[in-house]
Amino acid sequence: MPLSTALLMAAGLVIVAAVAGITWQARDGRRRRGGGTVDVRDLGVVPGRVALVQFGTETCARCPQVRRMLRSVVATRSRIELIEVDLTHRPDLARRYQVLTTPTTFLVGADATVLARFHGAPRRDHVEEALAELPALQEAR
């Protein structure tokens with residue numbers, strides 16, 4: 001193989017990898033539509049309460065940082081609770097709720113519907129924005 005062909009192939013591979021990395025980073029932590037309901041007994045959510053449910057594992061490197069951020073968000077709001085689910089011990093929940101990466105965070109409404117999903121490490125402003133859109137929380141202000 002000529003050197004010029006090898007260099008072009010290497011450059012193409014670098015470009016493809018860069019585009020894939022940028023795309024992955026742009027999508028990481030962004031809010032997605034929710035959908036469906038959760039079984040509050042499985043997750044430990046108090047019926048009738050709004051909750052942030054963080055799915056993680058024992059080996060998740062970003063889970064502690066997300067946990068700290070979510071705790072600080074919840075600390076400023078009395079009507080929201082934070083539930084942490086360790087998928088290491090409950091892999092059945094990962095299958096049931098289609099959690100493919102950790103951390104994954106659900107915003108669960110008072111009626112047990114999943115209002116938003118965050119795959120990866122969500123930004124604080126995205127979480128607060130999602131919470132601000134909840135009518136039940138707006139009335140409590």
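**Aromatic pairs and burial**

In this predicted model, F55 is buried, and Y97 is buried too.

Q: Is the aromatic pair of F55 and Y97 stacked, tilted or edge-to-face?
A: The centres of F55 and Y97 are 6.3 Å apart, with 40° between the planes. Stacked needs planes under 30 degrees apart and edge-to-face over 60. The pair of F55 and Y97 is therefore tilted.

Q: How many residues apart are F55 and Y97?
A: F55 belongs to strand 2 (residues 50-56). Y97 sits in the loop between helix 4 (91-96) and strand 4 (104-108). The pair thus links distant parts of the chain, and the separation is 42 residues.

Q: What kind of pair do the rings of Y97 and F106 form?
A: Their centres are 6.3 Å apart and their planes meet at 85°. Because an angle over 60 degrees sets the class, the pair of Y97 and F106 is edge-to-face.

Q: Which residues do ring pairs link into a cluster?
A: Y97 pairs with F55 and also with F106. Y97 and F106 are both buried. The cluster consists of F55, Y97 and F106.

Q: Is T105 buried or exposed?
A: T105 is found in strand 4. Beyond its neighbours within four places in sequence, T105 is in contact with residues including L52, V53, Q54 and F118. Its relative accessible area is 0%, so T105 is buried.

Technical notes:
Residues are numbered from 1 along each chain as its sequence is written. This is a predicted model: local features need pLDDT of at least 70, side-chain atom pairs count only at pLDDT 80 or more; totals for chains, interfaces and linings use all residues. Side-chain values use heavy atoms; hydrogens and water are left out. Rings of Phe, Tyr and Trp (its six-membered ring) pair if their centres lie within 6.5 Å; planes under 30 degrees apart count as stacked, over 60 as edge-to-face and the rest as tilted. Helices (H or I, at least four residues) and strands (E, at least two) are DSSP runs, numbered from the N terminus. Buried means under 20% relative accessible area, exposed over 50%, partly exposed in between (1.4 Å probe, protein chains only). Contact means heavy atoms within 4.5 Å.
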